[in-house]
Every structure is written in C-alpha cells, then in structure tokens.
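Please keep the sequence and the structure in view while reading.

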Amino acid sequence: MDYEQFKIKHFNLWDLYLHDNQFPYIGRCYASAIRPDADLVTDMKSEEAYELFSVVVPSWHKAISELFGKSRPNVAILGNEWPHLHAHLIPRFKEPKHHYGIEFIDPNPTGNYTPYQKIDFSLEILLKIKEDIKTIFAL
C-alpha cells in the first residue's frame, strides 16, 4: 500500500498520516518520526518528544474534535509490527459517531482500544477522511 497517499501534514520532526484502520476510531492517525534511524521509544530525542506532545498531538486532537466532536485523545507508542518510531493517535468517543454513511461505535470507550472489530473501507472513503482532516489543518 502507498502510505504516502495518507499523509496529512509534515511537521519539523514528524509526519502525520491517516491510519488505514478507521473503524471504529474515526480520525485515527499516526505520527511517524522523520529521523531515519528513529526506532525505539527510548531513543526519542527531547525535541522529538516536545514536538510530538506539544504540537502534533494537540493540533491533531483539535482537528478531530472540530470534525467529529469532542474526543479523549489516546496515544500509543508500540513499534512491534513496524520497527520505526511512530505514535498511534486514537480518538475515543463515548457516543456513536455517524460520518460518511457509517456508524462508528467505540466498543470500550473507557478502556483499552484493543481488541476491536476491523472493517476495511474503500480507498475513496479513506482519502475523503484524510482530506477532511487536512482541510482543518490548513485553516
């Protein structure tokens, strides 16, 4: 899959992408460290941590809240499947969300975000979600 087509925004030290698993977490994204040798969370540089938590996550949360309603932002830094420093940004909604003709219901809004039912969306819907988020960043 060409993940570059899901890029939302370039920051100084991170790139923000739409995650291809949007169900049940509409607006789920991930931030990928730009530094090529960035791997473990323990290798994160202080300036990367600052930008991630002071710029990237807050601006993503603001955009998601404007588009889909107030959410509780969750951040997960794992690196198990992809050995590159990246952070999963998962919006958690207590109430169902209806967008793009789909009902998004968080199965456990006050607990861990996994496990969850995965539903594949068409590329057209994924790109529409990405563009809608990107539009908020451009404002």
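How much space lies in the largest cavity? The model is a predicted one, and in it the largest cavity holds about 40 Å³ of space. The structure has one cavity of 30 Å³ or more. Among the residues that line the largest cavity are P24, Y25, P91, F104 and D106. Sorted by class, the lining consists of seven nonpolar and four charged residues, with no polar ones.

Aromatic rings come next. The count of aromatic pairs is nine. Two of the pairs are set out below.

| Pair | Type | Centre to centre | Angle between planes |
|---|---|---|---|
| Y25 and Y116 | edge-to-face | 5.4 Å | 75° |
| F104 and F121 | edge-to-face | 5.9 Å | 85° |

Y25 is in the loop between strand 2 and strand 3, while Y116 is in the loop between strand 7 (102-104) and helix 2 (123-138), so their pair ties together parts 91 residues apart in sequence. Y25 counts as buried because its relative accessibility is 1%. Y116, with a relative accessible area of 14%, is also buried.

F104 belongs to strand 7 and F121 to the loop between strand 7 and helix 2, so this pair ties together parts that are 17 residues apart in sequence. Both F104 and F121 are buried. Elsewhere, Y17, Y30 and W82 make up one aromatic cluster.

Y30 is also one of the residues in contact with H19, as is H88. H19 sits in the loop between strand 2 (14-18) and strand 3 (29-33). The relative accessibility of H19 is 10%, so H19 counts as buried. A polar atom of the H19 side chain lies 2.9 Å from the backbone nitrogen of N21.

How values were computed
Residues numbered from 1 in each chain as written. Predicted model: local features only at pLDDT ≥ 70, side-chain atom pairs only at ≥ 80, totals over all residues. Heavy atoms only, no water. Helix = DSSP H or I, 4+ residues; strand = E, 2+ residues; numbered from the N terminus. Buried < 20%, exposed > 50% of the residue type's maximum accessible area, 1.4 Å probe, protein only. Polar contact = N/O pair within 3.5 Å; in protein donor to acceptor, adjacent residues only side chain to side chain. Contact = heavy atoms within 4.5 Å. 1 Å grid on protein atoms, 1.4 Å probe; cavity = no way out; pocket = protein on both sides within 12 Å on 5 of 7 lines; lining within 4 Å. Points joined across faces, edges and corners; volume = space filled by probe spheres on them. Nonpolar A, V, L, I, M, F, W, Y, C, P; charged D, E, K, R; others polar. Phe/Tyr/Trp six-rings, centres within 6.5 Å; stacked < 30°, edge-to-face > 60°. Lists of a residue's contacts leave out its neighbours within four places in sequence.
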